[in-house]
Amino acid sequence: MSKRFQLAIGLALMLILIPVSASAMHIMEGFLPPVWCISWGALTIPFIVMGLFSINKTVRENPRLKILIAMAGAFAFVLSALKIPSVTGSCSHPTGVGLGAILFGPSAMSVLGLIVLLFQALLLAHGGLTTLGANTFSMAVVGPLAAYFIFRLVKKAGGPQWLAVFLGAALGDLLTYVTTSVQLALAFPAEIGGFGASLAKFTGIFAVTQIPLAISEGILTVLIFNAIAAYGKDELKALKLFSPGGANHAK
Amino acid sequence: MLSIDKYAYSSKLAGIDPMQKLFFTFITLGVCLWANDWVISLLVIFIAVGAAVIKGGIPIRIFAKMLLIPMVFLVIGVLSIAINASSSAEFFLISVQVAGTAIGITSSGAINAFNLFIKAIGSVSCLYFLSLTTPITDLLDAMRRLKVPRLFTELMGLIYRFIFVLLERSGTMFTAQSSRLGYSTLSTGYRSLAALASTLFIDAYRRSDELYTSLEARGYEGELRVLPRSYNKSRAGYICTAVLNILLICTALALRHL
């Protein structure tokens, strides 16, 4: 077999066998028409501005926290680069959406999420610049907000902490993908059946790949959260300052 | 660990003003999205790859490898747009009957999907040109000049530096765990990963605390000031971008009237 032929077979096999991972669910550069790039970007800006104001306020009261917030952003990036062990042998990456929202609060997460997505686009080639608005909306606005409120809701209803963390992380993850499906369906309504048919197609595909991922992310977040609660009590207390109602509800 | 970052620092275009590269990337990307035509998209791929490989000195092998990263999303996305279901098979170019409904591809759907496929690769090439030739520190400098809020660029700068510290840390822990069979079965894998992530978090927290203390000892008052880099003064980038894109726009308009 010539070297060139081997290479071609290798490339073909790689294309077929590349595992579908969570990071493959960032909408890639150039996939959305310009109208939708701009609309989702405009929709995201208020959340980012709110997040910046909230971080600014926290930092002015306690300058030490600026470094901590930055460290949290880097932590979210590194977390998304880790591999979750999975049954099928294919790898997937945690999104860290749920954990971040519970630890740092949804408003700080919007800004951190935007920065992490920007770095993922530039340093890891996941996602893109024109689709940054749409990706930020699903992963840094909808996901964290959902995770945070589900976490609070379960805690308020008297549910155990592990359940609150699990549901927050897993449902936050799922809602992120539902949002991505809606974004894709809006941009590409089906020729036959329009938006509804298109949404059914995209959610159908995501459901197959993402429900197992959301469950494993939920389990992982519970394990991480328990470990942090056991070994990092003092750190969790300090986090109270920028996530009122989030981390300080932890035991 | 992050090879894109390494190439960005060592590329031949690293000394050029990042504004020029941003201008090239966004204008070409914009034209590619606006034209929505596979001929233009192909031309954009050639221009972006050419700029990165010939001007920037990036090995073409690396560029090709990077183009494979978003392929899963692209193939799944394009196929789900192209494939439709309907009660009758008359609209379709090719179709299969499954339980009374026809599932297939219409001719216009196939054309749209093909256009989208090439367009996405064209846009991704523009993005790769930027990320393979522009170090993040230069990009931050450009963002500061574009009046992006100070707090945002500062957080970005800090996060960029911490990413490498934490990546190294997590890499060491991962090696240590897997050499002790920490990832041999699924359940130990989960336990190890949870231990890794939580230790990393606590470690990051303590590091940030120590870093703040040491910064404060050196007179830190909430801002890290660095001198902006001086760049190559040539304006060739702007002129090339403008000429190439005007040509692209003219071609696109001509193609539309054909």
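The structure is a predicted model, for which local features need pLDDT of at least 70 and side-chain atom pairs count only at pLDDT 80 or more, whereas totals for chains, interfaces and linings use all residues. Residues are numbered from 1 along each chain as its sequence is written, chains are lettered from A and ligands numbered from 1 in the order in which they are written, and side-chain values use heavy atoms, with hydrogens and water left out.

Pockets and cavities were located on a 1 Å grid over the protein atoms alone, a pocket being an open set of points with protein on both sides within 12 Å along at least five of seven lines, and a cavity a set of points where a 1.4 Å probe fits but cannot get out; lining residues have an atom within 4 Å of a point. Grid points are joined across faces, edges and corners, and a volume is the space filled by probe spheres set on the points. The second largest pocket is lined by 28 residues, and those nearest its centre are L114(A), L118(A), L129(A), L132(A) and F26(B). Two or more lining residues come from each of α2 (34-61), α5 (106-124) and α6 (132-156) of chain A, and likewise from α2 (18-35), α7 (136-145) and α8 (150-179) of chain B. Here helices (H or I, at least four residues) and strands (E, at least two) are DSSP runs, numbered from the N terminus. The largest share of this lining, 9 residues, is supplied by α2(A). The lining comprises 23 nonpolar, 5 polar and no charged residues, where Ala, Val, Leu, Ile, Met, Phe, Trp, Tyr, Cys and Pro count as nonpolar, Asp, Glu, Lys and Arg as charged, and the others, Gly among them, as polar. Within chain B, domain 1 (3-143 + 230-256) and domain 2 (149-217) each contribute at least three residues to the lining of the second largest pocket, the domain bounds coming from an automatic or database domain assignment.

The largest cavity has a volume of about 70 Å³, and of the 11 residues that line it, M25(A), F206(A), F73(B), I76(B) and G77(B) are the closest to its centre. Two or more residues of this lining are given by α8 (194-231) of chain A and by α5 (71-82) of chain B, with α5(B) giving the most, 5 residues. The lining of the largest cavity divides into 9 nonpolar, 2 polar and no charged residues. The second largest cavity, with a volume of about 50 Å³, is lined by L68(A), M71(A), A72(A), F75(A), F104(A), F201(B), A204(B) and Y205(B). Its lining draws at least two residues from each of α3 (64-81) of chain A and α9 (186-217) of chain B, and α3(A) gives the most, with 4 residues. The 8 residues of this lining are nonpolar, with no polar and no charged residues.

Chain A contains 9 helices and 0 strands, and 58% of its 251 residues count as buried, that is, under 20% relative accessible area, with exposed meaning over 50% and partly exposed in between (1.4 Å probe, protein chains only). For chain A, the UniProt annotation "transmembrane region" (unreviewed entry) covers residues 32-53, 65-82, 102-125, 132-151, 163-190 and 202-231; UniProt positions are given in the numbering used here, feature names are shortened, and annotations may be inferred rather than shown by experiment. Residues 65-82 of chain A are 94% helix and 0% strand, with end C-alpha atoms 25 Å apart, and residues 102-125 of chain A are 92% helix and 0% strand, with end C-alpha atoms 27 Å apart.

In chain B, UniProt places the feature "transmembrane region" (unreviewed entry) at residues 22-54, 66-85, 91-111 and 236-255. The span 22-54 of chain B is 94% helix and 0% strand, and its end C-alpha atoms lie 18 Å apart, while the span 66-85 of chain B is 75% helix and 15% strand, with end C-alpha atoms 34 Å apart. Strand β1(B) pairs with strand β3 (residues 101-105) of chain B in the antiparallel sense over 4 bridges, two strands being paired if DSSP finds at least two bridges between them. The bridge partner of N84(B) in β3(B) is G104(B).
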